[in-house]
Amino acid sequence: MRGTLGRHIADGRLPAKVVAVCDPVAARRERSRELYPEAARYADHHQLLAAGPDAVILTTPDDTHEELAVAFLEAGVAVFVDKPLAITTAGCDRVLDAARRTGTRLYVGHNMRHMPVIRTMRDLVVEGVIGEVKAVWCRHFVGHGGDFYFKDWHADRRRTTGLLLQKGAHDIDVIHWLAGGYTVRTQAMGGLTVYGDLTARGGQGERTLTEWFAPETNWPPASLTGLNDVVDVEDLSMMTMRLDNGVFATYQQCHYTPDYWRNYTVIGTHGRLENFGDTEGAVVKVWNSRRSGYRTDADLVVEVPSDDGGHGGADPRLVAEFVDFVRAGGPTLTSPVAARQAVAAGCAATASLRADGVPVDVPAPPRELVDHFAGADDAETRES
């Protein structure tokens with residue numbers, strides 16, 4: 001589905017043009033004519049490289065991000081990598097180092113930094129309405145988890161490490177951003193609690209999500225059919241985090257809830273804020289005036305703006321920022337170093353989960369990589 005990001009370039013509103021589409025599956029290449037009729041079509045990324053593009057948007061399966069990103073960066077092609085940057089911490093460092101060595105521009109597609117609900121919460125935190133942040137909690141209700149993540153390659157840990165990383169990379173990055181720090185130690189527990197018992201396997205072959213997604217026929221979750229032949233990632237996971245600035249955080253993810261949204265709670269020294277809904281119609285409520293028992297009448301209620309274009313308008317803003325970055329450089333709201341830190345925390349948490357909750361330290365990024373990207377990205381640089 002993320003392969004349609006290029007439509008925000010194809011609509012002619014940005015100073016860029018989609019000149020080529022690359023996909024190993026012939027049927028998908030043909031379908032791409034609907035969005036990109038004038039683009040050339042290639043079956044292999046080596047063919048695309050030979051065509052000499054200025055920039056590339058990688059929306060391929062997670063286990064291919066590292067090799068493809070390095071190949072394009074070393075060829076001097078600016079790279080947009082959809083999240084997660086890679087499926088291992090070492091893989092992230094290799095991609096970052098390729099960008100450092102070659103001086104080629106690297107951008108990571110953490111579109112949630114552009115989501116209005118996240119921007120609203122971030123702005124309130126920066127304004128100090130709840131004082132100094134001390135804790136961030138996130139509950140992620142993945143209502144279509146079975147269809148989205150257990151019928152294709154996402155269900156195979158060899159290709160994702162696990163959904164605590166694959167799906168959670170977004171939320172870990174947001175937690176870090178709201179908290180103003182990075183995870184240094186984590187502990188997690190979880191398991192394959194529903195989908196592992198389902199025997200109606202076989203996968204979906206070369207079909208894409210838009211072809212198999214039928215939520216009205218897939219309830220309750222235990223009725224799902226056509227799961228991937230390999231299903232060895234957890235469908236329920238919970239992680240705790242200690243950040244380098246003393247903030248503590250939690251992240252909880254469930255892939256068989258009846259609803260699909262994220263709920264963040266941020267607690268500071270002078271109050272707390274929480275989102276109710278995360279797309280159209282969402283609000284952020286703040287309690288910061290006094291002590292009380294339970295009350296729904298928050299001291300501040302901020303309506304979250306929304307726009308067209310996917311994820312509350314975040315996707316077109318993400319692509320526009322990438323195009324501007326390729327053309328002119330400068331700071332961006334997303335950050336390659338922050339993307340690496342989200343993967344590092346997710347990998348460490350997955351290791352903890354599979355070791356029955358043993359605490360795991362998160363390796364720090366090499367200093368030369370941090371120095372290379374300092375000031376060239378990361379909203380903390382731009383907004384503080």
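How many residues has helix α6 (residues 116-127), and what distance does α6 reach from its first C-alpha to its last? The legends below take up this and other close-up views of a predicted model, in which local features need pLDDT of at least 70 and side-chain atom pairs count only at pLDDT 80 or more, whereas totals for chains, interfaces and linings use all residues. Residues are numbered from 1 along each chain as its sequence is written, and side-chain values use heavy atoms, with hydrogens and water left out.

**View 1. Helix α6 and the glycine that follows.** Helix α6 has 12 residues and reaches 16 Å from its first C-alpha to its last, close to the 16 Å expected at 1.5 Å a residue; the expected span is 1.5 Å times one less than the number of residues. Helices (H or I, at least four residues) and strands (E, at least two) are DSSP runs, numbered from the N terminus. The buried residues of α6 are Pro116, Val117, Ile118, Thr120, Met121, Arg122, Leu124 and Val125, where buried means under 20% relative accessible area, exposed over 50% and partly exposed in between, with a 1.4 Å probe and protein chains only. An α-helix has 3.6 residues a turn, so residues three or four places apart point the same way. After α6 comes Gly128, with a positive phi near 85°.

**View 2. Helix α10, a mostly covered helix.** Helix α10 (residues 168-179) has 12 residues, and its first and last C-alpha atoms span 16 Å, close to the 16 Å expected at 1.5 Å a residue. Of its 12 residues, 12 are buried, and among them are His170, Asp171, Asp173, His176 and Trp177. Gly180 follows α10 and has a positive phi, near 75°.

View 3. With a disulfide taken as a pair of cysteine sulfur atoms within 2.5 Å, the count comes to 0 disulfides. The sulfur of Cys138 is too far for a bond, because the closest cysteine sulfur, in Cys254, is 13 Å away. Cys347 is likewise in no disulfide, the nearest cysteine sulfur being that of Cys92, 7.0 Å away. Cys138 is buried, with a relative accessible area of 0%, and Cys347 counts as buried at 16% relative accessibility.

View 4. A pocket is here an open set of points on a 1 Å grid over the protein atoms alone, with protein on both sides within 12 Å along at least five of seven lines, and lining residues have an atom within 4 Å of a point. The second largest pocket holds about 290 Å³ of space, a volume being the space filled by probe spheres set on the grid points, which are joined across faces, edges and corners. Of the 14 residues that line this pocket, the closest to its centre are Arg272, Trp287, Ser292, Gly293 and Arg295. Strand β11 (residues 271-276) gives the most to the lining, with 4 residues. By class, the lining has 3 nonpolar, 6 polar and 5 charged residues, where Ala, Val, Leu, Ile, Met, Phe, Trp, Tyr, Cys and Pro count as nonpolar, Asp, Glu, Lys and Arg as charged, and the others, Gly among them, as polar.

**View 5. Two cis peptide bonds.** The peptide bond that joins Lys83 and Pro84 is cis, with omega about -10°, and Pro84 has its place in the loop between β4 (78-82) and α5 (89-102). Another cis peptide bond joins Trp219 and Pro220, with omega about 0°; Pro220 is found in the loop between α11 (209-212) and β8 (236-243).

**View 6. Positive phi at Thr161 and Asp356.** Thr161, a residue other than glycine, has a positive phi near 75° and is found in the loop between α8 (157-160) and α9 (163-166). Asp356, which is not a glycine, has a positive phi of about 60° and is found in the loop between α13 and β14 (360-361). Thr161 is buried, with a relative accessible area of 16%, whereas Asp356 counts as exposed at 61% relative accessibility.

View 7. Ser352, in helix α13 (residues 336-353), is buried with a relative accessible area of 0%. Ser352 and Ala188 are 164 residues apart in sequence and 5.4 Å apart in space, C-alpha to C-alpha. Pro316, in helix α12 (residues 314-328), is partly exposed, with a relative accessible area of 23%. Pro316 and Gly6 are 310 residues apart in sequence and 9.3 Å apart in space, C-alpha to C-alpha.

Definitions and conventions:
1 Å grid on protein atoms, 1.4 Å probe; cavity = no way out; pocket = protein on both sides within 12 Å on 5 of 7 lines; lining within 4 Å.
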